[in-house]
Amino acid sequence: MNIINLYEKYFDEETKQVLETFSNYKVYLIGGLVRDILLNKKSNDIDITFEGNAIELAKKINCEIISEHKDFGTVKIKIGNKNIDLASTRTETYPQKGHLPVINKIGCSLKEDIKRRDFTINALAMSLNKANFGEIIDYIGGLDDIKNKKIRILHPQSFIDDPSRILRGLKYSSRLGFSLDNETLATQENYLNNINYDMSCSRILSEFYRTKWNLDVFKMFINQNIYKLINPNAKQDFDFWFEPTEPFIYLALLLPDERFEITKRERNIAEEIKHIQQQKNQQNMSDFEIYKIYSALPIETVQILSIMRDKNAKKYLQKLKTIKIQTTGKDLINLGFKPSKEMKTILDFILEQKITNPNLSKQDEISLIKTTFLNRD
Ligand code: CTP
């Protein structure tokens, strides 16, 4: 198959001119980029592979070398205004399953390079060489899988080598509307029933954050047992009474342990959640107590707790959160109070009244202060 027509439409003139630089070499557009050209979806990177040593190639052609990664045989270059990721063909093995692969050979054949990849839809190459320009090289049936909207691993060890691929599969299901082929689904299920927890959590976390989360994706994540990658005990009867937008909220629901290097702010939220969940006497709190506790927490914490069926958190968000008193410290000073601890007691008192009766106007609040604290109307 040749995709010159799609290629012509996909790239602007400047990019096409830049890619002509490679017309005398065994260079290919590769991976997600070829998939995206075929699907006419925007791609962020220009990923190309040289059947040979890419760093040596970069030194030969007319380009600016931005950075190089000798161990991987990859180099970032700039031609004109275009940044390009130029990779050497390479073979990889996973001596420590679930961790970063080790590179065995740089400059192998394209066919060998293709074998190390995650899914058939990401294992297509398009030649930039003028001898066969535009030809799609499809060693593993990726074209058919794109046509049939199927996500298929290349070999049965794929998830054992790199369990973060399970999240990548989910990412493609949601982003492209594709589904796992039956054998891949069975391999995934089998892996999730026999997880090797000695895995690189940073790879899992980075794929988690590269997934575009919404409720449907999270439901798929739970129903397919993918949550086990993060915490095998995380499955709960969540109450999704609203649709969270922040990915961290979905992650926090899984109570990730210390192996996952989340940010300090996120870790604080996770700790806060554990703390609140351990507190007793949650049943009999007054609305005022609920307000005082939950209004002091970051809003994400309260949202996460409410999805975890903390009734008080839900009540706070649905009913209490918007309640605000209108009386200010300045009003109290105008009434003759001196700045002191008493002022906080007064404002708390008004808040408590307002929570019982949200319709109190500012005038009502001031009258209440006068009758209660100043013995006058
Ligand atoms: N890859 C892999 N296993 C991984 C990550 C990546 O086999 N755990 C391979 C895939 O073939 C992928 C390529 O490396 O196409 C580049 O990875 P990445 O940049 O993450 O994927 P893209 O396809 O470029 O990006 P995306 O799919 O998100 O558009």
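**Ligand shell and domains in a predicted model**

The shell around the ligand comprises 1 nonpolar, 4 polar and 12 charged residues (Ala, Val, Leu, Ile, Met, Phe, Trp, Tyr, Cys and Pro count as nonpolar; Asp, Glu, Lys and Arg as charged; the others, Gly among them, as polar). The model is predicted: local features need pLDDT of at least 70, side-chain atom pairs count only at pLDDT 80 or more, and totals for chains, interfaces and linings use all residues. Residues are numbered from 1 along each chain as its sequence is written, and side-chain values use heavy atoms, with hydrogens and water left out.

Of the 17 residues around the ligand, Arg-35, Asp-118, Asp-162, Tyr-172 and Arg-175 come nearest (a residue is near if one of its heavy atoms lies within 4 Å). Polar contacts are pairs of N or O atoms within 3.5 Å. A polar side-chain atom of Asp-162 is 2.6 Å from a ligand nitrogen. A polar backbone atom of Asp-118 lies 2.7 Å from a ligand oxygen. For Lys-171, a polar side-chain atom is 3.2 Å from an oxygen atom of the ligand. On its own, the ligand has 570 Å² of accessible area, of which the protein covers 80% (Shrake-Rupley method, 1.4 Å probe).

Helices are DSSP runs (H or I, at least four residues), numbered from the N terminus. Helices H3 (32-39), H8 (164-176) and H10 (201-210) each supply at least two shell residues. H8 gives the most, with 6 residues.

Domain bounds come from an automatic or database assignment. That assignment gives domain 1 (4-148), domain 2 (155-228), domain 3 (230-322) and domain 4 (329-374). Domains 1 and 2 each contribute at least three residues to the shell around the ligand. The centres of domain 2 and domain 4, taken over C-alpha atoms, are 55 Å apart.

Terms used. Polar contact = N/O pair within 3.5 Å; in protein donor to acceptor, adjacent residues only side chain to side chain.
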